[in-house]
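I opened the model and kept short notes on what I looked up. The entries follow in the order I made them.

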Amino acid sequence: MITKEQKQEIVAELTEKIRNASALYFIDFATMTVEQDWALRKEFRNKGISYKVAKNTLILRALENVGGYDINEKQLFGQTGVVFAKENDSITPAKIIRDISAKSEKPKLKVAVVEGAVYPGSQLKQIADFPTREEIIAGILGSIDA
């Protein structure tokens, strides 16, 4: 059983991560195997992306603390993992989630908040197709060089 103090620590940690994230991805990892979960976490770690699993009520409380997020209880059903995109790299987590879920249809994206816009889980492919910051810079430099 989690104590009240532990819950407060989790909410404080989530609040801080939400404030520092350029995008948030809420995923359903319920039916993933341990091997699939490790592969997902390894991909996030390799790209410097933070991932945290917490109770939905604690996630919602952290979102309230930060404010400005239009996420409700109905969107966060079941088990939820939160992916915190690092500054200036909002799209890479979507690409990782898309690539891993293409192999096994797990994890499933519940909802995403990218640059202040809320996207339902069904739009994962569209989000992942956005260019990353590096791709935009490469395109601009390529145009200048030409």
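Entry 1, the sheet. I took two strands as paired if DSSP finds at least two bridges between them. Helices (H or I, at least four residues) and strands (E, at least two) are DSSP runs, numbered from the N terminus. The model is predicted: local features need pLDDT of at least 70, side-chain atom pairs count only at pLDDT 80 or more, and totals for chains, interfaces and linings use all residues. Residues are numbered from 1 along each chain as its sequence is written, and side-chain values use heavy atoms, with hydrogens and water left out.

I looked up Val114 and found Ala117 of β5 opposite Val114. Strands β4 and β5 pair in the antiparallel sense, over four bridges. I then traced the open sheet: its five strands run in the order β2-β3-β1-β4-β5, with antiparallel pairing. β2 (50-54) and β5 (117-120) are at the edges with a single partner strand each, so one side of each has no neighbour in the sheet.

I found Lys110 in strand β4, residues 108-114. Is Lys110 buried or exposed? Lys110 is buried, where buried means under 20% relative accessible area, exposed over 50%, and partly exposed in between (1.4 Å probe, protein chains only). I looked for a salt bridge, that is, a side-chain nitrogen of Lys or Arg within 4 Å of a carboxyl oxygen of Asp or Glu. Lys110 has none; the nearest side chain of opposite charge, Asp28, is 5.0 Å away. For charge, Lys and Arg count as positive and Asp and Glu as negative, while His and the chain ends are not counted. I did find the backbone oxygen of Gln79 at 2.9 Å from a polar atom of the Lys110 side chain.

How many salt bridges does a search of the whole structure find? The search finds six. In one of them, I saw the side chains of Glu13 and Lys52 meet at 3.4 Å, N to O. Glu13 is in helix α1 and Lys52 in strand β2, so this pair ties together parts 39 residues apart in sequence. Glu13 is partly exposed, at 33% relative accessibility.

I next looked up Arg98, which is partly exposed with a relative accessible area of 26%. Arg98 forms a salt bridge with Asp99, with the closest N and O atoms 3.3 Å apart. Arg98 also forms a salt bridge with Asp129, with the closest N and O atoms 3.2 Å apart.

How values were computed. A polar contact is a pair of N or O atoms within 3.5 Å; within protein, one must be able to donate a hydrogen and the other to accept it, and residues adjacent in sequence count only if both atoms are side-chain atoms.
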